[in-house]
Amino acid sequence: MYILRTENVTMKFGGLVAVSDFNLEIKHNEIVGLIGPNGAGKTTAFNIITGQYTPTEGFVFFNNEDITTCSPYEITRLGIARTFQNIRLFKDMTVLDNVLVGNHLRLRSPLLSSVLRSPRYRKEERHMIQKSFNLLRDLGLDDVLYEKAYSLPYGKQRRLEIARALATDPKVILLDEPAAGMNPQESIELMNFIHEIREKFDLTILLIEHTMQVVMGVCERIYVLDHGVTIAQGTPEEIQNNPKVIEAYLGVN
Ligand SMILES: Nc1ncnc2c1ncn2[C@@H]1O[C@H](COP(=O)(O)OP(=O)(O)OP(=O)(O)O)[C@@H](O)[C@H]1O
Ligand SMILES: [Mg+2]
């Protein structure tokens, strides 16, 4: 039984096949990597899973439910969250507010009761703020709660983006190059952090990453894309020794 699965997914943009016959199978609680050279189709695969794109062919299943044509909002509600290759925070909002925005998705009160600030709404709101505080503490961001997002150092912005994704109570989280722009020390911290959130929030994690130290250190299984085609899959050790992968990265023919 897979928590997330794609079946023969193909994405064409005009004449370009960005992703070709992609078959991903992820079990609950796994940490899986998606790697490949620039333009291999990794972010496109994320955009398909999270509903930004409907694939030209094929299907996406979450807990065996067909989500191929669901909207990004519906997919987030079902329990898949993501971060972006280029950090997308509300830069002028505080750290706390960025996380509260993520939380809002789970509010149950009808809109009218929020306008009237009914007791039920206020109770939910208090709960939400407490939850956001806890999350930011867990992620080591409680010393910057009221700082504007743009003023944070890069590593903390990446963490904040993960915090906001976690605020939607996901079961699966997709991280698009979480270590991009990080120094080696921050990358090591990120690896520990990914393991921690997996345990703490009972998550399943799919991550795109170019930093090989992170990919090999954190992932249990890896898929390799090249020009949209899955050229290999396996354990970090199998991937590192796979001639096709070495060829794709070094451009040797
Ligand atoms: N909306 C789009 N319209 C047209 N072409 C697109 C679109 N999105 C992606 N592509 C193309 O699809 C291919 C795969 O792009 P994608 O962004 O998925 O690669 P990637 O593996 O994430 O690369 P990188 O490592 O550079 O982030 C590229 O050739 C890209 O130009
Ligand atoms: Mg990309």
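The following points describe a predicted model of a protein chain with a ligand.

1. Overall composition. The protein chain contains 10 helices and 11 strands. Its radius of gyration is 19 Å, close to the 18 Å given by the globule rule for 253 residues, so the chain is as compact as a globular protein of that length. Along the principal axes, the C-alpha atoms fill a box of roughly 65 × 40 × 35 Å.

2. Burial and contacts. Of the 253 residues in the protein chain, 35% are buried. Among contacts between residues at least 6 apart in sequence, 66% join residues at least 24 apart.

3. The open sheet. An open sheet is formed by 6 strands, in the order β7-β8-β9-β4-β10-β11, and the pairing is mixed. The edges are held by β7 (80–82) and β11 (229–234); each has a single partner strand, so one side of each is left without a neighbour in the sheet. On average, neighbouring strands of this sheet are turned by 20 degrees against each other, direction ignored.

4. One strand pair. β10 (residues 221–226) pairs with β11 in the antiparallel sense over 5 bridges. Ile-222 stands opposite Gly-234, which lies in β11.

5. The ligand shell. The residues around ligand 1 include Phe-13, Leu-16, Ala-18 and Gln-85, as well as Gly-39, Ala-40, Gly-41, Lys-42, Thr-43 and Thr-44. Both β2 (16–22) and α1 (42–49) supply at least two residues of this shell, and α1 gives the most, with 3 residues.

Terms used
Residues numbered from 1 in each chain as written. Chains lettered and ligands numbered in written order. Predicted model: local features only at pLDDT ≥ 70, side-chain atom pairs only at ≥ 80, totals over all residues. Near = placed C-beta within 6 Å. Helix = DSSP H or I, 4+ residues; strand = E, 2+ residues; numbered from the N terminus. Pairing = 2+ DSSP bridges. Axes fitted to C-alpha atoms, helices over the stretch in contact; angles between N-to-C directions. Rg over C-alpha atoms; globule rule 2.2 N^0.38 Å. Buried ≥ 20, exposed ≤ 12 C-beta atoms within 10 Å, placed from the backbone. Contact = placed C-beta atoms within 7 Å.
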